[in-house]
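These are my notebook entries on a structure that I had not examined before. I record what I looked up, entry by entry.

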Amino acid sequence: MKAVVIGEPSGATMETIMNVYPRHKAVVDKYVAKSEVIGIGPFNNMGNMAIFKTRAAAEKFVTEDPFILEGIVKSFVIRDWDDALLPE
C-alpha cells in the first residue's frame, strides 16, 4: 500500500513559493535519495501531490516540508493508495 499526500494551495504568490522552494527541494531530494518518494509535483491550480512508498514516509515528510510548515500548502490529506499496476 502506497500513500499519497494531496496539498491544497494557499494562494501564495509565485515569488513567495520560489523563496521557499530551495528548502522544499532539499527535503524532497532527501526522500528521493532514500527511494521513498515515487512521484511529486504541482497541479495546474498550484495544489500538489506526492506519492510515497509507505504511509510512514508520507507522515514524516509532512512534518518536514517547508511548503507545509510555512503555509504555501493551506491544508493536506494523506490517503492510502493501492496501486494495482505496480508491485510493492
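Is V28 buried or exposed? I looked up its relative accessible area, which is 10%, so V28 is buried; buried means under 20% relative accessible area, exposed over 50%, and partly exposed in between, with a 1.4 Å probe and protein chains only.

Basis of the entries. I note that this is a predicted model, in which local features need pLDDT of at least 70, side-chain atom pairs count only at pLDDT 80 or more, and totals for chains, interfaces and linings use all residues. Residues are numbered from 1 along each chain as its sequence is written, and side-chain values use heavy atoms, with hydrogens and water left out.

Entry on V28. I located V28 in helix α1; helices (H or I, at least four residues) and strands (E, at least two) are DSSP runs, numbered from the N terminus. Leaving aside neighbours within four places in sequence, I found V28 in contact with V37, I40 and F61, where contact means heavy atoms within 4.5 Å. I also looked up E64, which is 36 residues from V28 along the chain, and the two C-alpha atoms are separated by 9.6 Å.

Entry on helix α1. I read α1 as residues 14–33, 20 residues in number. From first C-alpha to last, α1 reaches 27 Å, close to the 28 Å expected at 1.5 Å a residue; the expected span is 1.5 Å times one less than the number of residues. I found a bend of about 45 degrees at Y21, with a proline, P22, following within four residues. The bend is the angle between axes fitted to the seven residues ending at a residue and the seven starting there. I listed the buried residues of α1 as I17, V20, H24, V27, V28 and Y31. They pack against β2 (37–42), β3 (48–52), α2 (55–64) and α3 (66–69).

Entry on α1 and α2. How do the axes of α1 and α2 cross, and at what angle? They come within 10 Å and cross at roughly 160 degrees; axes are lines fitted to C-alpha atoms, for helices over the stretch in contact, and angles run from 0 to 180 degrees between N-to-C directions. The two helices are therefore roughly antiparallel to each other, a term for angles over 145 degrees. On the α1 side I noted H24, V27, V28, K30 and Y31 in the contact, and on the α2 side A57, K60, F61 and E64.

Entry on F67. I placed F67 in helix α3 and found it buried, with a relative accessible area of 9%. Beyond its neighbours within four places in sequence, F67 is in contact with I17, V20, Y21, H24, I72 and V73.

Entry on positive phi. I looked up S35, which follows α1 and lies in the loop between α1 and β2. Its phi is positive, about 55 degrees, although S35 is not a glycine, and S35 counts as partly exposed at 41% relative accessibility. I then turned to M46, in the loop between β2 and β3. M46 is not a glycine, yet has a positive phi of about 80 degrees, and at 39% relative accessibility M46 counts as partly exposed.

Entry on W81. I found W81 in strand β4 (residues 73–81), partly exposed at 35%. W81 and M1 are 80 residues apart in sequence and 5.8 Å apart in space, C-alpha to C-alpha.

Definitions and conventions:
Parallel < 35°, antiparallel > 145°, perpendicular 65-115°, else oblique.
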